Amino acid sequence: PVRGHVAPFMQARGDPAADLLAAAGSGAGRGADALIAAGRPAAPESGAVGTGGAPATAPAVPVGGGVAGSLAFAVVFALLGGLILNLMPCVFPVIGLKILGFAGHGGVDADGRLTPAQRSAVRSGAAWFAAGVVVSFWALAGLLLGLRAFGESVGWGFQLQSPAFVAAMALLFLVVGLNFSGLFEFGARASRLGGVSAGGAHPRLGAFGTGALAVLVATPCTAPFMGSAIGFTLAQPPASTIAVFTALGIGMALPYILLGVFPAWLGTLPRPGRWMETLKQFLAFPMYAAAAWLAWVLAQQRGGDAVFALLLGAVALACGLWLWGRQVQGSRVAGRFAYGLVAVGFMVGGLVVAWPGDARAPAAGMARAAEGWQPWSSAAVAAARAEGRPVFVDFTAAWCVSCQVNKKVVLESDRVVAAFDALGVVRMRADWTDRDPLITAELARHGRNSVPVYLYFPPDSSAPRMLPELLTVGTVLGVLGTH
């Protein structure tokens, strides 16, 4: 009873022990997010003060409870989160690249085993792919730490808040897809994009690049365990941040590390043949789908004009790549030079045309068109709570794949919408598609620096409840029914 009265008072004062005390009353060992959240220091309460001098809302208590938290837990959760990243839809296209690369080493000898040369190639490819993954996570961690040192408020997936980066990634996926479709080649012995050619001139560099690309496309996704692990780094020294991101990289690369340690597992693959060309062409379609999705993200950030410019630039870039492929196959030096010059002109022109401007789209963001939802603000939350109304806040972004899946499958489902309406829940959406310091600060206050994050504020004055990154209808209905 004492804990139930003292914990909210301590949280309102910002006492660092408040989270531990409050979490202790909700049961130990039930929920990965809580294990990390309960161990973090109290974060600044920026953007959380209500109207009329009311005290700031206490940091959210993750659904499920928990009492302990440490760097060891963060590393374990990061390892698990990185492993689960391989199952997220945003990573599927690049995983296809690596599968095709391993397929290039398929086939067995007369005894049904991989040859020594094949085993060596598999080990080398897996090691360099893993190195690309881990080094890329180190680069992300270093960039995050550097930006924070200069006072910037950034979080997981921050680069996708840049329309220029989104446009560049869309064009990159298009280029990979066109290469897979056979629009252009760089010669029979040249390394192909992603290092999928087993006989390429630079297979190690290709495998390393594929690992780096896998990390880039993984940033729109937040796997289970990842949110709490990355959030743990908010108030930790740089060494702890590097340790967590290293664990993320190792977790993501773990399946390929195991294939490198046990290359005989690939002995069941068929011998290289025409089926590889068919598979390569099929893998172009996930690339085109990823490019289309990123074009939609750009539309949320900069509107239809920016997407039109991106499409025009993509056409020019594709034409340049086609010309480049033809000049490589040309027989005369003068002809190859002319083709190459025109091809480079088309490619450079395409990149210039596709570059998004600084003008924001009118009413950009997803909150504008979502029926029943209103834009988030701390003042609006405080006003609704002052009226005794429950509040549900969706911290989301257009580039967050997990957010979009949760929204379509769960938050917009008939059962959840009916429950929201029946209980009079005020629904708010905090759109993090573009950089927003207020949203970043509110996420940090709840021990998070990534999306999705879901908070439910009961109609009473109790602390909000944080739902897991991947929602189910049952999870949301259960939280709505517990107030």
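Tutor: Start with the axes: they are lines fitted to C-alpha atoms, for helices over the stretch in contact, and angles run from 0 to 180 degrees between N-to-C directions. Helices (H or I, at least four residues) and strands (E, at least two) are DSSP runs, numbered from the N terminus. Two packed helices are described by the angle between their axes and the distance between the axes.

This is a predicted model, where local features need pLDDT of at least 70, side-chain atom pairs count only at pLDDT 80 or more, and totals for chains, interfaces and linings use all residues. Residues are numbered from 1 along each chain as its sequence is written, and side-chain values use heavy atoms, with hydrogens and water left out.

Now the close look. Helix α4 (residues 71-85) packs on helix α10 (residues 238-261). Their axes are 7 Å apart, at an angle of about 35°. The crossing of α4 and α10 is right-handed. A crossing is right-handed if the near helix is turned clockwise from the far one by less than a right angle, and left-handed if anticlockwise.

Which residues of α4 and α10 meet? Contact means heavy atoms within 4.5 Å. From α4 come L71, A74, V75, A78, L79, G81, G82, L83 and L85. From α10 come S240, A243, V244, A247, L248, I250, G251, M252, L254 and P255. The residues in this contact of α4 with α10 divide into 15 nonpolar, 4 polar and no charged. Here Ala, Val, Leu, Ile, Met, Phe, Trp, Tyr, Cys and Pro count as nonpolar, Asp, Glu, Lys and Arg as charged, and the others, Gly among them, as polar.

Helix α7 (residues 163-181) and helix α12 (residues 284-302) cross at roughly 160°, and their axes come within 8 Å. So α7 is roughly antiparallel to α12, a label for angles over 145 degrees; under 35 is roughly parallel, 65 to 115 roughly perpendicular, and the rest oblique. The crossing of α7 and α12 is left-handed. Among the residues in contact are F173 and L174 of α7 and L294 and V297 of α12. This contact of α7 with α12 has 18 nonpolar, 3 polar and 1 charged.

Now step back to the chain. The chain has 19 helices and 6 strands. Of its 483 residues, 49% are buried, meaning under 20% relative accessible area, with exposed over 50% and partly exposed in between (1.4 Å probe, protein chains only).
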